Structure formats: structure tokens, C-alpha cells
Amino acid sequence: MSETRTPPRHVEMSQFPHEGGELLVGGIPLSRLAARVGQTPFYAYDRGLLAARVDTLRSTLPAGIQLHYAMKANPMPALVSFMARLVDGLDVASGRELRVALDTGMDPSEISFAGPGKSLAELEQAVASNVLLNIESAREARLLSDIGERTGWVARVAVRVNPDFELKSSGMKMGGGPKQFGVDAESVPALLAEIGQLGLQFEGFHLYAGSQNLRAESIVEAQRKSFELCVRLAESAPSEVKSFNLGGGFGIPYFPGEGHLDLAPVADNLAQLQQEAAGKAPGAHLVIELGRYLVGEAGVYVARVVERKLSRGHVYLVTDGGMHHHLAASGNFGQVIRKNYPVAIGNRMRAGETENVSVVGPLCTPLDLLADKMDLPPAQEGDLVVVFQSGAYGFTASPRDFLSHPQPLEVLV
Ligand SMILES: *Cc1c(COP(=O)(O)O)cnc(C)c1O
């Protein structure tokens, strides 16, 4: 007897409703939004969805957990300003991100700066701004001390720790084993002693084990281990520990068969850790920093069909956008096996007949693929292709000058 199996489907992109066959982004029918933007391709980020995601986290996670936005997921200034009003802090990863963060009006004491190889100019910028520096080496500590001697400005520092464990089933591992990130856990006590001698203001620890994790139990495990490591290291701290930044790595569903992260166990675990912190490290609050999870599902990338092309029986929808605008959707941003992002024809949202097509861009490379052999409603030239889950690691994570085509725009609606 043969077993019939339906192939896994994309999780429903129900965060964006549709009306009269048109996808609504920020409540605006897509064709009208495209006219309002004034060109395709573009990225559009939906304020209502951004706010709803923060609301969900606030109502699920225990009160007192500090929620930070990690800006590298999407550093569009208007979006960062919007997020700054909703979250407790911003995490930056470069001098330029720091300037955008400061422009939002966020209190500098709630901004932190992480990243390996910070330049002297960046360190100086951060000290002058009075933001928290997550230092990743003894070199950074020494440079900060030099800056202090020269200017009289005392650097606020936390130590980013490269843990002695890995985050399981995370899309991108950023801790455990040899890494360019953070200070190896076993070297931290010596660095803490040096920080004390250098006259820096020590405030806490920062751990970030990895990104794009959809399994609650592995996030729970990583956060518990991170917390325990923080508690252990706190014994060597030169002064009272004010913050344990336990990272994040919360994932969102991109591919067929993936579902939403179950927040409930993560929330239960954080409540437990918070209780333990009150006993073991009074004065330390818990921070989580999220990028993708806060903004990824609130964004779409929109390109227009320039040509409907038939090649030996297969339909290609050639669009005015592609991998140069959205590297991740093309499968070239860290994916091992290429899979399709969820895609729709945004002006043909009514259920009906479909055809199997590939959506490509205008670049002279077969890598320029937005959807490979996907079932979509029959599309015509002028139609709008939508790539969902595009609010994070899209615009700024793409090689936009590759082949010198026009740039996409970004709007917040
Ligand atoms: C990239 C990064 C983040 C954000 O990761 P997401 O997977 O987008 O949530 C947070 N913290 C640090 C240190 C990072 O490098």
C-alpha cells in the first residue's frame, strides 16, 4: 500500500490580511501602497505588527525582563525610532548604528554596543555617549582605560562571554568552542581583575549563543546555562553586577514545515531565573536582546513582474527586484540548502487556480532567484510579487550595488 504524504506547507502569513484580492500592508491595499511609495521594488514595514509583537512579548514574558532591540536586524532610522518607544533598550553593533540609536532619543544608559574588533573611534564614540560597552577582548578594556586617562570619561562596560556551551538547533552558532565573539569563559576572571585595576565601571555580563532558533527547549537550556555562567562569573566581579544579558536568538518561521516559537516555556524559565537572580545576584536585572523576532514578520519585500517568460514549458516571472535587494530570500545568506521564502502575488490574493513558476530578478546569475518552482496564482506583467518574513536581514544585508541596478526603497506604514 502506498502512503500519500502531502508536502509540508508554508506557515500561513496571516499577519497580513487581504481585501478585494489585494494584500493589506499597514491597512493599505498593495497596489495603492506601491503607487504611494512611487517605485518598485520596496520594503514595507507594518507599524501595527511591530507594536503587536512587542505587546505579545510584554504580556507573555515576566514583568521586569528588559527587552532590547538588536538594531542590526533592521537599522532603518524611522523603524528604530518607532521601536525605541516600545522597548527598554537598543543594542548596536557599529558606530553608525550608535548614531542612529542616539538620534531616537533613547536614554544612552539603555543603549549597549557589542561586536568584535571595535575601532578606537567607535570606543571613543561609545564612551563619549555614555552607552554600555559589551567588551569582547582585553584590548578593548585597555583602549577604554587610555580614553579615560585622556578625557576623564569613565567607560561603562559589560563583558561579553564566549560560553563553554553551544545553542542547539540554532541557525547560526555564535558561542562555544573557539569564536571571534566575546571572551572565553575561562579567561573572564582575569579580565575582570584587570577591569577593576583599569578603573572602568563594570556593570555586567553579555552572552549571545546564536540566532534563528525555533525550539523553545533549546532556548530555555541556553538561557539557563547562560544565567548559571553569569552567576559563577559574578563571584569574580570587581563591583556589583547590574545586568545579565542572556541574548535571544528567537526564530521566526520561514520555510515549509516550520512553525512559530512557543513562548510559554521561555517565559516560565525566565520567571524562574529572575527568582533565582533575586537570591544569587541581587541588583542584577535580566536582559534579552532580540532582532529578527521583533521585526522579521512585520516586513514585506515587493517587486513588480517585468516579464512573464516561458522557457521549455516552465514559466519565469522576471521582476525588477532580486537577490541584490534580498539576499536571504535568494538563499545566499547563510542557508545550507536553498528553500523558498513564503511568496505571494500581492494583487491576486483570492484563492483560485495556481501554476508552477519561478520568480527571478534581472541579474545575470542563476543565483538571482526569489522563488523556485512555486505554486502561485497565474501572474501577469505589472503584478506585484511579495516576499514575506522580510523585516529582518533584508535591505541592509543585501549586496545592493551588485550589477548596478536601481536601489529599493524602504517605508514604514
Ligand atoms: C545579531 C545579534 C542579535 C540579534 O539576533 P537575532 O537573531 O536577529 O535576534 C542580538 N545580539 C547580538 C550580540 C547579535 O550579534
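The domain assignment divides this protein into domain 1 (4-46 + 297-412) and domain 2 (75-290). Please keep in mind that the model is predicted.

**How the domains meet**
- The centres of domain 1 and domain 2, taken over C-alpha atoms, lie 34 Å apart.
- Domain 1 brings 16 residues to the contact, and domain 2 brings 13 residues.
- About 1,500 Å² is buried between domain 1 and domain 2, and carbon and sulfur atoms give 70% of that area.
- Three residues stand out on the domain 1 side: Val11, Glu297 and Leu412 supply 32% of the area that domain 1 buries against domain 2, more than any other three residues.

**What the interface is made of**
- Strand 22 (residues 409-412) gives the most to the side of domain 1 that touches domain 2, with 3 residues.
- That side of domain 1 has 7 nonpolar, 5 polar and 4 charged residues.

- An open sheet has 3 strands in the order 1-2-3, and their pairing is antiparallel.
- Strand 1 (18-19) and strand 3 (28-29) stand at the edges with a single partner strand each, so one side of each has no neighbour in the sheet.
- Strand 1 pairs with strand 2 (residues 22-25) in the antiparallel sense over 2 bridges.
- His18 has Leu23, in strand 2, as its bridge partner.

How values were computed: Residues numbered from 1 in each chain as written. Predicted model: local features only at pLDDT ≥ 70, side-chain atom pairs only at ≥ 80, totals over all residues. Heavy atoms only, no water. Domains from an automatic or database assignment. Contact = heavy atoms within 4.5 Å. Buried area = accessible area lost by both parts, 1.4 Å probe. Helix = DSSP H or I, 4+ residues; strand = E, 2+ residues; numbered from the N terminus. Nonpolar A, V, L, I, M, F, W, Y, C, P; charged D, E, K, R; others polar. Pairing = 2+ DSSP bridges.
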